[in-house]
Amino acid sequence: MQITQRDIALLQWTNGFGFVSVLQIAKWMGVDFSTAARRVRLLIEAGLIRRTTVDILSANPIVVTPDGALVAGDSLPPLKGIRTGDFRHDSLLVDMARGLTARFPRSLFEPVRRLRHSGALAKAKHLPDGYLHFRGHRYTIELELTVKSRQRLSAIMAEHTTDIGAKEIWYLTDSAMVAAAITRAAVGLDHVKIVRFAKNTATEP
């Protein structure tokens, strides 16, 4: 098959998050599901991506192969495995990132896998779920789905606050309880914002 620039971009995007679903690929490409599925099948046959399994779940997400990363010129090693406990969070992060970049045209979302690989935050105790780059500013993004203790949240916020390059910290959540916990921990921190999204936001692999 002939590898297009869009295929290269797709490989880099997929590898940045680690895994994605065919539906997420369709939305990223701006095409219907069947069109995306055909392209996915061709890329699988070419050995550039593969389906993987997640224990207990019926999902078979798409991950980039070493050959796919090589063709894409991506130094980030492909994901080797998916932890069941992280699956919903990491899958939702793909959707949240797409929503943010759609809401803020010409923005760029830098997922945590790329942040970790770059080594720029090597000394950080806690890595954010990603950065949103928009109009010369950088926003720290946290996708929060479960309630953390106030002490833990305060420690994370304090560490993020020391990042003078970040304009604001955005906590994305679908839970009223999580939002309340973040609100309590963020008292006096005007740069911490809470973004609520619908609880039924989800994708099928």
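Me: Which residue of β5 is the bridge partner of Y131?

Reply: In this predicted model, the bridge partner of Y131 in β5 is T140. For the neighbouring position L132, the partner in β5 is Y139. Taken as a whole, β4 (residues 130-134) and β5 (residues 137-143) pair over 5 bridges in the antiparallel sense.

Me: How many residues lie between β4 and β5 in their hairpin, and which residue in the turn has a positive phi?

Reply: The hairpin leaves 2 residues between the two strands, and R135 in the turn has a positive phi of about 50°.

Me: Which way, parallel or antiparallel, do β3 and β4 run?

Reply: Strand β3 (residues 108-111) and β4 run antiparallel, and 4 bridges join them.

Me: Parallel or antiparallel, how does β5 run with β6?

Reply: Those two run parallel, with 6 bridges joining β5 to strand β6 (residues 166-173). Within this pairing, I141 stands opposite W170 in β6. The path between the two strands also includes a helix, as β5, helix α7 (residues 150-161) and β6 make a right-handed β-α-β unit.

Me: Where do side chains point along a strand, and how should I then read burial in β5?

Reply: As a general idea, the side chains of a regular strand alternate between the two faces of the sheet. A residue is called buried when its relative accessible area is under 20%. In β5, 6 of the 7 residues are buried, so this strand is largely enclosed by the rest of the structure. Strand β4 is mostly covered, with 4 of its 5 residues buried.

Me: Which residues make the nonpolar surface patch, and what is its area?

Reply: The patch is made by M1, I3, L42 and V71, and covers about 310 Å². To find V71, look in helix α4, which spans residues 66-72.

Me: Why is V71 described as partly exposed?

Reply: The label partly exposed belongs between the cut-offs of under 20% for buried and over 50% for exposed. V71 has a relative accessible area of 40%, and is therefore partly exposed.

How values were computed. Residues numbered from 1 in each chain as written. Predicted model: local features only at pLDDT ≥ 70, side-chain atom pairs only at ≥ 80, totals over all residues. Heavy atoms only, no water. Buried < 20%, exposed > 50% of the residue type's maximum accessible area, 1.4 Å probe, protein only. Pairing = 2+ DSSP bridges. Right-handed = clockwise from strand over helix to strand, strands pointing away. Patch = residues over 30% accessible without salt bridge, like charges linked within 9 Å, V, L, I, M, F, W, Y side chains within 5 Å. Areas by Shrake-Rupley, 256 points an atom, 1.4 Å probe, with all protein chains shown as cover. Salt bridge = Lys/Arg side-chain N within 4 Å of Asp/Glu carboxyl O.
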